[in-house]
Amino acid sequence: MAINVGKANLVEQLELILSLRGSYSIVAIDTEFPGFIRDTPRNATEEERYNDVKHNVDNMHLIQLGVALFDEGGNTPWPGCCWQFNFSDFDPDVDASSPDSIELLVQSGHDFQQNRRHGIDAQRCAYLVCVKLFCQPYSSKYVTFHGLYDVAFVIKMITRAPLPNTLNEFSDLVGTIFGQIYDLKYISRFCGGLRRGEIGLVGLSRLLNCEPVGIRHQAAYDSLLIGALFNEMKQRRHNVEDDRSASVLYGIENRCVKNRRTRRIDRRGRPYPRRQQHPLAAMGLAV
C-alpha cells in the first residue's frame, strides 16, 4: 500500500526513508506531471528534444513524485512499500497542462483540489527533499523508466531554478545529483527479447511477467514496478548495471555517454573526489 505524503507528514516520512536508506540503497523513482505543452517529433535531435523538455518542465508544475526502495536482492522494506509525494503547486484552473493528460490523471484517482489544500509546497520543501533523498553518503543507485522528464522535474524542484540552458549542462547536472542512474527503457535496447527498448512500462512488465501493483499513473506504484523490473532483469542475467548503461537517459543517450567519458566517476557511485565537497553544497542544497 502506497504511503501518501503531504505537508502534514512530510518530515516524518522523509526521516523514515532516511532510516532505511543504509539497507535499501536502490531508489526507483517516477513522476506525474500535467502532460506536454510542446510536443517533440520522433526525429528530433537530442538538442531539440532537450529544448522541448526545458520548455515543458520550466512552464509546468510537478504533481507527484513516487519513490520505492530496494536492496541488492530486490527486497523492499515491507511488501508493497512505496511513497508518493503529492505537491500543492499545480492548479488545473490556471496552470499550463494538456487536457488529455489531466483527464487521464483524474481517471487514475488524482485529486488536484485535495493536493492544493494538503499537498507539499515544492519550493518551500525542496531543501528537505534534496537532503533526505539525494544527498546521502550511501552508494545509492537510482532507477527510472524513460526517465528524462522524471529527472528533469526532480532537478527543477531541488535546485529551485529553471533547467540549464544547454543539454551539455543538463547532462552534467544529472551526473552530479544522481551519480549512478539507470533508465530501463535505454537498458532494454541491449537485452534480448525486449524489443530493443521500443516498448512502454506495461509492455515491459508483461514481457518479464511482473504483475503491476496498485493503480497505473500513480507515481508510487509505477516506481514500485520500475524497481521490480530492474531486479527481474538482473535475475535474468541481463547486463543492466554494466558501464554502457550507467547514467544514460533514453532520448539524450549520446550526450550522456560523451559526458560520462569526460567525468571522473568514483567506482562507489560518487562523481566527485572523496574529499571534495559535494557539488550540491555549493548550491546551498546539501549539508
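1. Let's start with the largest pocket: this is a predicted model, and the space in that pocket comes to about 1,000 Å³. Its lining takes in 32 residues, and the ones closest to the centre are Phe33, Phe36, Phe145, His146 and Tyr149.

2. By class, the lining of the largest pocket splits into 13 nonpolar, eight polar and eleven charged residues.

3. On the α6 side, the contact with α7 uses Leu148, Val151, Ala152, Val154, Ile155, Ile158 and Thr159. Facing them from α7 are Phe170, Leu173, Val174, Ile177 and Phe178. How many charged residues are there in the contact of α6 with α7? There are no charged residues, and the rest of the tally is eleven nonpolar and one polar.

4. The other pair to check is α1 (residues 10–21) with α5 (residues 122–133). Their axes lie 9 Å apart, and the packing angle is about 15°. Since angles under 35 degrees count as roughly parallel, that makes α1 roughly parallel to α5. As for handedness, α1 and α5 have a left-handed crossing.

5. Who does the touching between α1 and α5? From α1 you'll find Leu10, Val11, Leu14, Glu15, Ile17, Leu18 and Arg21, while α5 brings Cys125, Leu128, Val129, Lys132 and Leu133. That contact has nine nonpolar, no polar and three charged residues. Glu15 and Arg21 of α1 and Lys132 of α5 are among the residues in this contact, if you want to pick them out in the viewer.

Definitions and conventions:
Residues are numbered from 1 along each chain as its sequence is written. This is a predicted model: local features need pLDDT of at least 70, side-chain atom pairs count only at pLDDT 80 or more; totals for chains, interfaces and linings use all residues. Side-chain values use heavy atoms; hydrogens and water are left out. On a 1 Å grid over the protein atoms alone, a cavity is a set of points where a 1.4 Å probe fits but cannot get out, and a pocket is an open set with protein on both sides within 12 Å along at least five of seven lines; lining residues have an atom within 4 Å of a point. Grid points are joined across faces, edges and corners, and a volume is the space filled by probe spheres set on the points. Ala, Val, Leu, Ile, Met, Phe, Trp, Tyr, Cys and Pro count as nonpolar, Asp, Glu, Lys and Arg as charged, and the others, Gly among them, as polar. Axes are lines fitted to C-alpha atoms, for helices over the stretch in contact, and angles run from 0 to 180 degrees between N-to-C directions. Helices (H or I, at least four residues) and strands (E, at least two) are DSSP runs, numbered from the N terminus. Angles under 35 degrees count as roughly parallel, over 145 as roughly antiparallel, 65 to 115 as roughly perpendicular and the rest as oblique. A crossing is left-handed if the near helix is turned anticlockwise from the far one by less than a right angle, and right-handed if clockwise. Contact means heavy atoms within 4.5 Å.
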